[in-house]
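This report covers one protein chain. It moves from overall figures to single residues and their pairings.

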Amino acid sequence: MPLEAPARIVGELTSRGYNAEREAVTRLAGASDPGAALERVLEAVPEDALVVRTEHVEAALSADAPDAARAEPTAVPDGDSTPSVSTGTDPDPGDEPAGATPVETGGSLPADRSVDPAKRALEIIGDMTGQSTGTGEYEDFVSVFRDRLDRLGGKLKGRVNHRPATAIQDMPGGSEVAMVGLVNDIRSTASGHWLIELEDATGTFPWLVMKDREYVDLVDELLCDEVLAMEGTLADDSGIAFVDSLHFPDVPRTHEPSTADRHVQAALISDVHVGSQEFMADAWNAFADWLHTAEAEHVEYLLLAGDMVEGVGVYPDQDEELDIVDIYEQYEAFSEHLKKIPGDIEIVMIPGNHDAVRLAEPQPGFDEELREIMSAHDPRIVSNPSMVTLEGVSVLMYHGVSLDEVIAELPEDKASYDDPHKAMYHLLKKRHVAPQFGGHTRLAPEEEDYLVIDEVPDIFHTGHVHKLGFGKYHDVLAINSGCWQAQTDFQKSVNIDPDAGFAPIVDLDTLDVTVQKFS
């Protein structure tokens, strides 16, 4: 196979056990015979080398080149074997997903795209892989909810003069009261009012939201098991409190996001679904080729928010839509596609509900066998969810199964599949990625609640719903990154029209977003 395309050079190097600096790949691609040049380089690299560096390429090429050819290499000219990507026929404006700004892709390889590793800084926070202790016993469930109440309640108790449920019951009628607790029940009364039952460590207490109050619309946003603070007035018999105000843990309006000190970018993608008959290999290859171009020279990080493969037995009759039926072969195929990504890009991956890990959240990262299969470029494989810090910019990565629940429970004007980022706003407001227990989202009992959003992220990145959308909530950038899978028969049956073949690119120095389109 010819090796003119940088993606193919990276794939060949990875198959032989090497990573490579981007500049090294660029110079190999610019050689008169890239295949022969690659062989010379591999013969010359030290035996203990794991990364093919620019100096290795320069030494190997200059050893056989005439003096006139030993000058500093220049950019590969347009029209040569430079990868370029066409977006094809422009879609109608009405076909573009919410928030997307498609950008024409393509461009020449730069002469100098070397990356200084010393400038990079990547830190993983909150990876619970290997930390799972839950056994499914009753006490485990008590522990996780107690931890949730303690941590999120702590964010609310400074805002209200709270009292335990049992203390409120003993207060005289007409008293001003406040309570912080978990939402235990939500129901309407015969008169059209709303009864909210809060629970804390001491017991439960009912709160009545009158239908004519200005904040009654907030009741539509409530989910069972989320943490709230309520203030109000006790009835004469002290058996119920009339709500005057309610408070979410929320992101402070004073939140100021961090940014990188230099111009560097991250590509945020999810839901690749290798193994499906509808996996869009051409779009993925176009994306990988684009990452080798001058236009993408500042993309140094790739964050993948779950569903690397299609999986097996995830939904009814899925086997009829599989191109690869063995789960391990699916991951091997995914790894081959991953090898096409430039070798110097830092990759972080979390699992999703189609991946071969437990369904209950939090999901630990993959086992050692799967990690070995997906070892191309030595990606950071962490749990779902996890917080990743890229050069000071914190990114909360969560696959996003709970978005189905948020969209199903909330009114359409507050959360919908067409605007997935708006559903994400509610998770930020509740400071929890999956607040409701016992519904669509499976939750694992642990000693602590790994799904609490303790620290406010600068970027919140999800996938799962196969829709593209992004926006800001209290200066937190929320991105749902679409997918790389065309519409399946199952998706048709549930009326999901995916946004496929898009790659949101975030400038970490400004938090601006550009969407590259490859389908």
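## Surface and overall make-up

Accessible areas come from the Shrake-Rupley method with a 1.4 Å probe; for residues, only the protein chains shown count as cover. On that basis the chain exposes about 21600 Å². Carbon and sulfur atoms supply 46% of this area.

This is a predicted model: local features need pLDDT of at least 70, side-chain atom pairs count only at pLDDT 80 or more, and totals for chains, interfaces and linings use all residues. Residues are numbered from 1 along each chain as its sequence is written, and side-chain values use heavy atoms, with hydrogens and water left out.

The chain has 12 helices and 20 strands. Both are DSSP runs numbered from the N terminus (helices: H or I, at least four residues; strands: E, at least two). Of the 519 residues, 55% count as buried. Buried means under 20% relative accessible area, exposed over 50%, and partly exposed in between, with a 1.4 Å probe and protein chains only. Contact means heavy atoms within 4.5 Å. Among contacts between residues at least 6 apart in sequence, 72% join residues at least 24 apart.

Helix α11 spans residues 420–430. Of its 11 residues, 10 are buried, so the helix is largely enclosed by the rest of the structure. Among them are P420, M424, Y425 and K430. The buried residues pack against two helices, α5 (138–156) and α10 (402–409). They also pack against β16, β17 (468–473) and β18 (476–481). R431 follows α11 and has a positive phi, near 55°.

T462 is found in strand β16 (residues 459–462). T462 is buried, because its relative accessibility is 0%. Beyond four places in sequence, T462 touches residues including S270, Y398, M424 and N480. The T462 and N480 side chains are joined by a polar contact of 2.8 Å. A polar contact is a pair of N or O atoms within 3.5 Å; within protein, one must be able to donate a hydrogen and the other to accept it, and residues adjacent in sequence count only if both atoms are side-chain atoms.

## Loops around β10

D261 lies in the loop between β9 (241–247) and β10 (265–269). D261 is exposed, at 83% relative accessible area. D261 and G392 are 131 residues apart in sequence, yet 8.5 Å apart in space, C-alpha to C-alpha.

S276 sits in the loop between β10 and α7 (281–290). S276 counts as buried, at 4% relative accessibility. A polar atom of the S276 side chain lies 2.9 Å from the backbone nitrogen of E278. Leaving out residues up to four places away, S276 touches E310, E321, D323, Q485 and T488.

## Salt bridges

The structure holds 16 salt bridges. Each is a side-chain nitrogen of Lys or Arg within 4 Å of a carboxyl oxygen of Asp or Glu. D147 pairs with R151, the closest N and O atoms being 2.5 Å apart. The two are 4 residues apart in helix α5, which means about one helical turn separates them. D147 is buried, at 17% relative accessible area.

R151 also forms a salt bridge with D454, at 2.4 Å between the closest N and O atoms. This pair links distant parts of the chain: R151 in α5 and D454 in the loop between α11 and β16, 303 residues apart. D454 is partly exposed, at 30%.

E300 and R262 meet in a salt bridge (2.8 Å, N to O). E300 lies in strand β11 (residues 299–305) and R262 in the loop between β9 and β10, so the pair ties together parts 38 residues apart in sequence. E300 counts as buried, at 5% relative accessibility. R120, R262, E300, E346 and E391 are linked in a network of salt bridges.
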